[in-house]
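Dear colleague,

Please find the structure below, handed over for your reading. The findings follow directly after it.

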Amino acid sequence: MKQKYEILEHPADLKIRAYGQNLSELFNNVLLAMTEAMKPRVIEQNFISQKIDLKANNLENLLIDFLSEVIYQTDLNNLVYSRAEFDKINEQELSGKIFGQKIKTLETEIKAVTWHDLEVKKENNQWRAILIFDL
Amino acid sequence: MLTKNDLKKINNYLFEIPKSFRFDMRVPARAYVDEKMLEQIFRDKSLEQLVNTATLPGVVNYVMAMPDMHEGYGFPIGGVAGMDLETGVISPGAVGYDINCGTRLLLSDLIDQDIKPHLENLADQLNHTIPSGIGSTGKIKLDRNGMDKILTGGVKRAVEMGYGEKQDLDCCESYGLIKEADPSKVSDKAKSRGRDQLGTLGSGNHFLEIQKVVEIFDETVAKKFGLFLNQITILIHTGSRGLGHQVCTDYVQLMGRALEKYKINLPDRELACAPFISPEGQTYFKAMAAAANFAWANRQLVTHLARQVWQKILNKNLKVLYDVAHNIGKIEEHEVGGQLKKLIIHRKGATRAFPASHPELPLNYQSVGQPVLIPGSMGTSSYILVGTTEARQSFYSVCHGAGRAMSRTAAKRKIWGQDLIKDLARRGIIVKCGSPAGLAEEAPEAYKNIDEVINVVAGAGLARRVARVVPLAVIKGE
């Protein structure tokens, strides 16, 4: 089975490397990595969906804006978003829904996604992203 | 690649990377460490990050890292940089996402024997009364108007609302509010996140701790601060919660887009910045000030809740010794090239430490200097120090804590949360938390030795030890 993501070493914060055959898979695997890191205590198994529509100058901005929006929605709604379904996703635009479950608490709270050491690139037909989140 | 040979020893507690090390450095980079710590520092990228901050436009004197330094996400944690107000930049990443994360020390007039029979109950009640705010909410829900008043008024507003005493204001850095705050520069997203987070601790390394004074180093200053041996104190560590995180996120984005406009080239996008006098710079500063005021109000609300529990169980009050910020940008006057200049001082994981006679200090501390609060990691000592004139060299800045030495993932692999709680209990320390697994990340082994960190601060003359406290109970909030 292809690897979806890895949680890498960082002295204080969360550093992840995520993979995907396409952008949708990549973005979803970043969400999975974040969910694993946060270790949510889910209290309702059913998923609640939230529309999401974003436009950006480039893929790096799009990814940061997407993850910033997910972090915002998590804090606002007490939902942990572990997957997304996109009607449209390219390097400058995405439109679709994120799906979240109600939580009682998180073991680790993610404060924000940062630009530090950010990498999003396609190599050998596979997308790869490296991100650092402030905890 | 930085090596020990690139550093010049200034004295036993201070090393410098000269400006010549890299073409784009505008000033030298200084690290307050001793020889032993120097070996550890090369294990992460904190020095490289410090060198990066020396490239920011308008930076003056030196950029500095305190002995609790470790790798961050742009600016190193424990970093201090001052920029000329007229020609320099302001950088949200150099302040941090948790704007005005800081600490506040409350003093009781009780000794350990007085509270021993009540300690378990006190810890329980404090944990129950003060929410962590993750998955839960604070006791106060702010409407739009209420939020704007908090963003403008900080501690002053919280006291007006009935959540404190007038003297609480005097015992806060900046009297608990930065007047340049403008709520209209804080996004609706940020306000909606903060709406029900007032009076909450947050998670991670945030906490409330019941402590005991075990050592007095300076009797005169201790007396002035109201500290005595075996005294019970309470330390609060929290910040601006989701509101602050959103403000920083919003402005890192905004400034990132403006870099080309101001022809600023950066080695790290997370250092995104704009000239302080530019519309972007001014808007961020006003939003940052508002978020800082929110954090001060937050610590005031937590104080109020702690006082309620203290009153209910012990029928006693708690006094504020002082409240300091350790992620903040402040307009201060400092000596540059023999002249006093207005600077924007960025402190990220660093604490202000003004000396005696500084005009910004409240009257009762004028004769001795500013109280400086440095918490150790969970279960270890914390220190109360006093500011010195010698700290002029660091824009009157010192460290903010012990500093991480181990990643969270490594800590969780090595340490079991339940074992940690048992170990602390064996040492007589009560821990109240919702997640033992998460607690492992905050184990003392994951941090540097606070005594060694304080040794460097004191050895460098940046602050003087006044007292040492140890924890009796650690509360993480429900």
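This is a predicted model: local features need pLDDT of at least 70, side-chain atom pairs count only at pLDDT 80 or more; totals for chains, interfaces and linings use all residues.

Residues are numbered from 1 along each chain as its sequence is written, chains are lettered from A and ligands numbered from 1 in the order in which they are written, and side-chain values use heavy atoms, with hydrogens and water left out.

Cavities

On a 1 Å grid over the protein atoms alone, a cavity is a set of points where a 1.4 Å probe fits but cannot get out, and lining residues have an atom within 4 Å of a point. A volume is the space filled by probe spheres set on the points, which are joined across faces, edges and corners. The whole structure holds six cavities of 30 Å³ or more.

The largest cavity has about 560 Å³ of space. Its lining has 36 residues, and Asn205(B), His237(B), His400(B), Arg408(B) and Tyr447(B) lie nearest the centre. This lining comprises 12 nonpolar, 14 polar and 10 charged residues (Ala, Val, Leu, Ile, Met, Phe, Trp, Tyr, Cys and Pro count as nonpolar, Asp, Glu, Lys and Arg as charged, and the others, Gly among them, as polar).

The second largest cavity has about 150 Å³. It is lined by 15 residues, with Thr74(A), Asp75(A), Leu106(A), Glu109(A) and Ile110(A) closest to its centre. Helix H2(A) gives the most to this lining, four residues (helices, H or I, have at least four residues and strands, E, at least two, as DSSP runs numbered from the N terminus).

Pockets

A pocket is an open set of points with protein on both sides within 12 Å along at least five of seven lines. The largest pocket has a volume of about 460 Å³. Among its 27 lining residues, Thr105(A), Leu106(A), Gly434(B), Ser435(B) and Gly477(B) lie nearest the centre. Strand S6(A) gives the most to this lining, with three residues.

Helix contact

The axes of H5 (residues 144-160) and H10 (residues 279-314), both of chain B, come within 7 Å and cross at roughly 45 degrees (axes are lines fitted to C-alpha atoms, for helices over the stretch in contact, and angles run from 0 to 180 degrees between N-to-C directions). H5(B) and H10(B) are therefore oblique to each other (angles under 35 degrees count as roughly parallel, over 145 as roughly antiparallel, 65 to 115 as roughly perpendicular and the rest as oblique).

With kind regards
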